[in-house]
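I opened this model to look up its fold, its pairings and its side-chain contacts. These are my notes, entry by entry.

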Amino acid sequence: MRKLIVLWIAMIMLVSGCSNTKIDDKENMKNYENFIDTVMTNQGIESKIIPFDYKLNVYKQKDNSYQYELLVSNPRSAMYNVQAIAVNPDVDSNTNVHPCLGLLGEDAQLDFHMVPFQSNAEMGFYKGFSLEGVSDSEQFKLYVMVTWKDSALVNDHRVFFNVSFVQEADDNENGAKETAETNNE
């Protein structure tokens with residue numbers, strides 16, 4: 001009889017754990033979709049003050065696609081619970097996943113903080129992060145939004161910025177491509 005009770009308790013815990021994961025996944029997806037909507041509604045308008053550096057690196061692949069890496073680093077203020085997304089406005093959001101941080105999957109369950117001159121990955125403090133994706137177009141633009149809380153975890157902040165890439169007509173080489181997009185205030 002005791003084994004039966006223990007088995008029932010284990011089954012209830014297993015079922016409730018699975019349903020909580022489904023609820024979390026639905027909430028994460030809703031948050032992800034809200035981020036996309038917010039970025040698209042912003043229509044590429046950039047924030048005047050961006051408290052970190054950013055740079056776009058692009059790598060032409062052998063299949064003529066372009067892998068990109070948007071690096072965000074060097075925070076100038078404490079940024080806790082950082083979330084970010086890079087949206088290509090020319091790509092259908094219903095059939096493609098935009099690169100993001102802290103919104104989907106295991107990422108949504110992790111703490112991600114950027115504080116000047118602090119780095120301890122075990123505690124969730126990082127020097128920076130990257131958003132990586134692939135574009136089939138030799139010319140693309142990314143609308144980016146980064147959100148965070150202040151050091152008191154009370155006030156929400158967000159900034160918007162854009163990065164662009166255009167393949168030069170006479171450049172047919174594979175590999176890294178130079179971009180002029182960076183922010184070093």
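The entries below go from the whole chain to single residues.

**Entry 1: ground rules.** I am working with a predicted model, in which local features need pLDDT of at least 70 and side-chain atom pairs count only at pLDDT 80 or more, while totals for chains, interfaces and linings use all residues. Residues are numbered from 1 along each chain as its sequence is written, and side-chain values use heavy atoms, with hydrogens and water left out.

**Entry 2: the whole chain.** I counted 1 helix and 8 strands, taking both as DSSP runs numbered from the N terminus, with at least four residues (H or I) for a helix and at least two (E) for a strand. Along the sequence the order is α-β-β-β-β-β-β-β-β. Of the 185 residues in the chain, 36% are buried; I use buried for under 20% relative accessible area, exposed for over 50% and partly exposed for what lies in between, with a 1.4 Å probe and protein chains only. The chain exposes about 11,800 Å², of which carbon and sulfur atoms supply 52%; the areas come from the Shrake-Rupley method with a 1.4 Å probe, and for residues only the protein chains shown count as cover. I then looked at contacts (heavy atoms within 4.5 Å). Among those between residues at least 6 apart in sequence, 67% join residues at least 24 apart.

**Entry 3: strand S6.** How many of the 11 residues of strand S6 are buried? I find 8 of them buried in this strand (residues 139-149), so S6 is largely enclosed by the rest of the structure. For its partners I applied the rule that two strands pair if DSSP finds at least two bridges between them. Strand S3 (residues 80-87) runs antiparallel to S6 and is joined to it by 6 bridges, with Met145 in S6 as the bridge partner of Ile85. Strand S7 (residues 156-166) is also antiparallel to S6, here with 11 bridges, and Leu142 has Val163 in S7 as its bridge partner. The hairpin of S6 and S7 has 6 residues between the strands, and there Leu153 takes a positive phi near 60 degrees.

**Entry 4: aromatic rings.** My search of the whole structure gave 8 aromatic pairs. The rule takes rings of Phe, Tyr and Trp (its six-membered ring) with centres within 6.5 Å, and calls planes under 30 degrees apart stacked, over 60 edge-to-face and the rest tilted. The ring centres of Tyr54 and Phe161 are 3.9 Å apart and their planes are at 20 degrees, so this pair is stacked. It links distant parts of the chain, since Tyr54 is in strand S1 (residues 53-60) and Phe161 in strand S7, 107 residues apart. Tyr54 is buried at 8% relative accessibility, and Phe161 is buried at 0%. For Tyr68 and Phe140 I noted centres 5.3 Å apart and planes at 40 degrees, so the pair is tilted. Tyr68 lies in strand S2 (residues 66-73) and Phe140 in strand S6, so parts that are 72 residues apart in sequence are tied together. Tyr68 is buried at 4% relative accessibility, as is Phe140 at 3%.

**Entry 5: Leu103.** Is Leu103 buried or exposed? It is buried, with a relative accessible area of 1%, and it sits in the loop between strand S4 (100-101) and strand S5 (128-135). Leaving aside neighbours within four places in sequence, Leu103 is in contact with Asn28, Asn31, Tyr32, Phe35, Gln83, Ala84, Ile85 and Ala108. From Gln83, 20 residues away along the chain, its C-alpha atom is separated by 6.7 Å.

**Entry 6: salt bridges.** I found 2 salt bridges, counting a side-chain nitrogen of Lys or Arg within 4 Å of a carboxyl oxygen of Asp or Glu. One joins the side chains of Asp53 and Arg76 at 3.0 Å, N to O. Asp53 lies in strand S1 and Arg76 in the loop between S2 and S3, so the pair ties together parts that are 23 residues apart in sequence. Asp53 is buried at 12% relative accessibility, whereas Arg76 is partly exposed at 33%. Asp156 forms a salt bridge with Lys149, with the closest N and O atoms 2.7 Å apart. Here Asp156 is exposed at 59% relative accessibility, and Lys149 is partly exposed at 24%.
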